[in-house]
Amino acid sequence: MSLRAVRAAYSARSAEYTSLFGSISSTHPADRDLVLSWAQGLSGEVIDAGCGPGQWTAFLHSTGVDVQGVDLVPEFIETAKRFCPEARFSVGSLQRLPAPDHSLAGILAWYSLIHTPPAGISRVLNEFARCLAPGGSLLLGFFDGPAGEQFPHAVTSAYFWSVEEMSGLLQEAGFSIVSRHSRVDPGVRPHAAIVAKRLLTPGRVG
């Protein structure tokens with residue numbers, strides 16, 4: 001699935017997506033607790049990578065986090081700016097975030113990697129490692145399942161990842177695993193999240 005195809009799919013359904021998921025009230029309370037507890041331990045700039053219509057960016061901004069929302073879909077960024085004009089938003093790709101090397105305290109990637117084909121995951125994780133300062137933190141949310149297995153997401157094709165496989169990929173990209181989380185709710189796909197820390201002396205990631 002190319003970036004262009006993902007952008008086009010979400011652009012076509014941006015209004016529908018925003019009406020369903022564009023408010024923080026549409027998120028699970030356990031997810032809000034996890035994101036908030038993660039963010040409260042950070043000191044410095046944070047990027048909400050793949051921010052969609054900006055609900056998590058606005059939530060973090062309301063708690064005093066220095067956060068910028070970045071998304072591939074221009075319609076989402078336009079909506080986010082209207083809903084939360086006091087926060088910063090920009091159109092951009094997860095493969096090249098608008099941040100200098102080793103400059104960020106944190107990156108939130110909440111279900112924003114689900115459309116990245118397995119062959120492209122390491123490239124994105126390496127980009128996250130590039131942007132994070134040593135000791136910086138990544139919170140990654142995804143659908144838990146057989147690693148790399150494709151499934152028919154409502155907007156466009158997406159991929160499962162197992163917690164173990166994603167943990168291994170993060171370690172290869174220069175992260176240590178801080179905590180793993182999972183949740184199974186009736187009638188929906190299993191959820192997973194990993195908190196990982198950028199190593200102080202990474203291996204192949206500079």
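What does T18 count as, buried or exposed, and at what relative accessibility?

Modeller: T18 counts as buried, because its relative accessibility is 14% and buried means under 20% relative accessible area (exposed is over 50%, partly exposed lies in between; 1.4 Å probe, protein chains only). This is a predicted model: local features need pLDDT of at least 70, side-chain atom pairs count only at pLDDT 80 or more, and totals for chains, interfaces and linings use all residues. Residues are numbered from 1 along each chain as its sequence is written, and side-chain values use heavy atoms, with hydrogens and water left out.

Start with the setting. T18 lies in helix α2, residues 14–21. Helices here are DSSP runs of H or I, at least four residues long, and strands are runs of E, at least two long, both numbered from the N terminus. Set aside the neighbours within four places in sequence, and T18 is in contact with P53, F76, T79 and F83. Contact means heavy atoms within 4.5 Å.

The partner helix comes next. α2 packs with helix α5 (residues 74–83) at an angle of about 45°, and their axes are 10 Å apart. That makes α2 oblique to α5. Oblique is what remains after roughly parallel (under 35 degrees), roughly antiparallel (over 145) and roughly perpendicular (65 to 115). Axes are lines fitted to C-alpha atoms, for helices over the stretch in contact, with angles from 0 to 180 degrees between N-to-C directions. On the α2 side, S14, Y17 and T18 take part; on the α5 side they meet E75, F76, T79 and F83.

Helix α2 also meets α4. The buried residues of α4 pack against α2, α3, β1, β2, β3 (88–91) and β4. Those buried residues are Q55, W56, T57, F59 and L60. After α4 comes G64, with a positive phi near 95°.

Take α3 from that list. The axes of α3 (residues 29–39) and α4 (residues 55–62) come within 11 Å and cross at roughly 50°. The two helices are therefore oblique to each other. α3 passes α4 in a right-handed crossing. From α3, the contact uses D31, R32, V35, L36 and A39; from α4, W56, F59 and L60.

Now β2. Strand β2 spans residues 66–71 and holds Q68. Q68 is buried, with a relative accessible area of 9%. Leaving aside neighbours within four places in sequence, Q68 is in contact with E45, V46, I47, D48, T57, R88, S90 and P98. T57 is one of the buried residues of α4.

W56 and F59 lead on to the aromatics. Both belong to one aromatic cluster, along with W110, Y111, F143, F151 and F160. The structure holds six aromatic pairs. In one of them, the rings of W110 and Y111 have centres 5.3 Å apart and planes at 80°, so the pair is edge-to-face. Rings of Phe, Tyr and Trp (its six-membered ring) pair if their centres lie within 6.5 Å; planes under 30 degrees apart are stacked, over 60 edge-to-face, the rest tilted. W110 and Y111 are both buried. F143 has a charge over its face: R189, at 5.8 Å from the ring centre. The test asks for NZ of Lys or CZ of Arg within 6 Å of the ring centre and within 35 degrees of the ring normal.

β1 and β4 link to another helix. The buried residues of α6 pack against β1 (45–49), β4 (104–110), β5 (132–143), α7, β8 and β9 (191–198). Those residues are G120, I121, V124, L125, E127, F128, A129, R130 and C131. α6 (residues 118–131) and α7 (residues 163–172) pack at about 50°, with axes 9 Å apart. That makes α6 oblique to α7. The crossing is right-handed. I121, S122 and L125 of α6 meet M166, L169 and L170 of α7.

Finish on β8. Strand β8, residues 175–183, contains S176. S176 is partly exposed, with a relative accessible area of 28%. Not counting residues up to four places away in sequence, S176 touches V195, A196, K197 and L199.

Technical notes. Left-handed = near helix turned anticlockwise from the far one by under 90°.
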